[in-house]
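Me: I would like to go through this structure slowly, one question at a time, and see how each answer is reached.
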Amino acid sequence: MTDIILLGPPGAGKGTQARRLVEDRGMVQLSTGDMLREARKSGTEMGRKVAAVMDSGGLVTDEIVIGLIEEKLRGATGAGFIFDGFPRTLAQADALGALLGRLGRRLDAVIEMRVDDAALVARISGRYSCPDCGAVYHDETRPTRVAGKCDDCGSENLVRRADDNAESLKTRLMEYYKKTAPLIGYYYHAGDLFSVDGLAAIDEVAGAIANILDQSRVA
Ligand code: AMP
């Protein structure tokens, strides 16, 4: 069992690479962004609370996010986890360490996906995805073969995220640099940090991640 974190700014390709690891290695993707999007659809009180925060590009409280992860990890066994978009603060990182420790698990690698800001803006502003299978597309660099239809599962429900616009992206990037980027130093000193060039082609990034997992003999 291999537990890893994919760490990087919005648009770095964390979700795309997580899906590859699910397909290639049978790992389990735990995306707090996906959990929160699910929660807001449910119309619960928590859903209503998080919706406005997410749309503005701010971070949802540690308490809510840690609670969601705790629920998913309860009694977890077997397949390795890919933490995608979590942790995003130092408090979340501490909580994750404690949760994994209680389960007798530990982080095997934290993979930082490095991408410069100009590329992130371009990537995010053209992004759309399939809510049914999770495939991610881009107007210019990776459009669907047939307009409006998912290449992978044929769904015609393709969507753009409400927070994938210039204004909330600005907030999301600031939140990343203020609250999440310090985790790079945190995990470097814990000895768990690896970096990949997130600007490379999807297959190359996937290859670099596979090398890290194989070389550190964690997968
Ligand atoms: P993502 O899909 O990872 O880009 O997340 C979308 C939005 O969900 C973020 O902009 C935050 O508002 C919220 N979110 C996701 N993960 C977290 C987290 N670990 N901590 C706080 N807020 C989060």
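Me: Is the crossing in which helix 4 passes helix 5 left-handed or right-handed?
Reply: This is a predicted model, and in it the axes of helix 4 (residues 62–73) and helix 5 (residues 90–102) come within 11 Å. As helix 4 passes helix 5, the crossing is right-handed.

Me: How many nonpolar residues does the contact of helix 4 with helix 5 have?
Reply: On the side of helix 4 the residues are Asp62, Val65, Ile66, Ile69, Glu70 and Leu73, and they meet Ala91, Gln92, Ala95, Leu96, Leu99, Leu100 and Arg102 in helix 5. Sorted by class, this contact has one polar and three charged residues, while the number of nonpolar residues is nine.

Me: Why is helix 6 described as oblique to helix 7, and at what angle do their axes cross?
Reply: The axes of helix 6 (residues 117–125) and helix 7 (residues 166–180) come within 11 Å. Helix 6 is oblique to helix 7 because of the angle at which their axes cross, which is roughly 140°.

Me: Which residues of helix 7 make the contact with helix 6?
Reply: The crossing of these two helices is right-handed. Helix 6 brings Asp117, Leu120, Val121 and Ile124 to the contact, and the residues from both helices divide into six nonpolar, no polar and two charged. On the side of helix 7, the residues are Leu169, Arg172, Leu173 and Tyr177.

Me: Which residues of helix 8 does helix 7 meet?
Reply: Helix 7 and helix 8 (residues 182–190) pack at an angle of about 35°, and their axes are 5 Å apart. From helix 7 come Tyr176, Tyr177, Lys178, Lys179 and Thr180, and in helix 8 they meet Pro182, Leu183 and Ile184.

Me: Is the peptide bond from Phe86 to Pro87 cis or trans?
Reply: Pro87 is found in the loop between strand 3 (81–84) and helix 5. The peptide bond from Phe86 to Pro87 has omega near -5°, and this bond is cis.

Me: Which helix gives the most to the lining of the second largest pocket?
Reply: The second largest pocket has a volume of about 170 Å³, and its lining has three nonpolar, two polar and five charged residues. Among the lining residues are Thr16, Arg19, Arg20 and Glu23. With four residues, the most is given by helix 1.

Definitions and conventions
Residues are numbered from 1 along each chain as its sequence is written. This is a predicted model: local features need pLDDT of at least 70, side-chain atom pairs count only at pLDDT 80 or more; totals for chains, interfaces and linings use all residues. Side-chain values use heavy atoms; hydrogens and water are left out. On a 1 Å grid over the protein atoms alone, a cavity is a set of points where a 1.4 Å probe fits but cannot get out, and a pocket is an open set with protein on both sides within 12 Å along at least five of seven lines; lining residues have an atom within 4 Å of a point. Grid points are joined across faces, edges and corners, and a volume is the space filled by probe spheres set on the points. Ala, Val, Leu, Ile, Met, Phe, Trp, Tyr, Cys and Pro count as nonpolar, Asp, Glu, Lys and Arg as charged, and the others, Gly among them, as polar. Axes are lines fitted to C-alpha atoms, for helices over the stretch in contact, and angles run from 0 to 180 degrees between N-to-C directions. Angles under 35 degrees count as roughly parallel, over 145 as roughly antiparallel, 65 to 115 as roughly perpendicular and the rest as oblique. A crossing is left-handed if the near helix is turned anticlockwise from the far one by less than a right angle, and right-handed if clockwise. Contact means heavy atoms within 4.5 Å.
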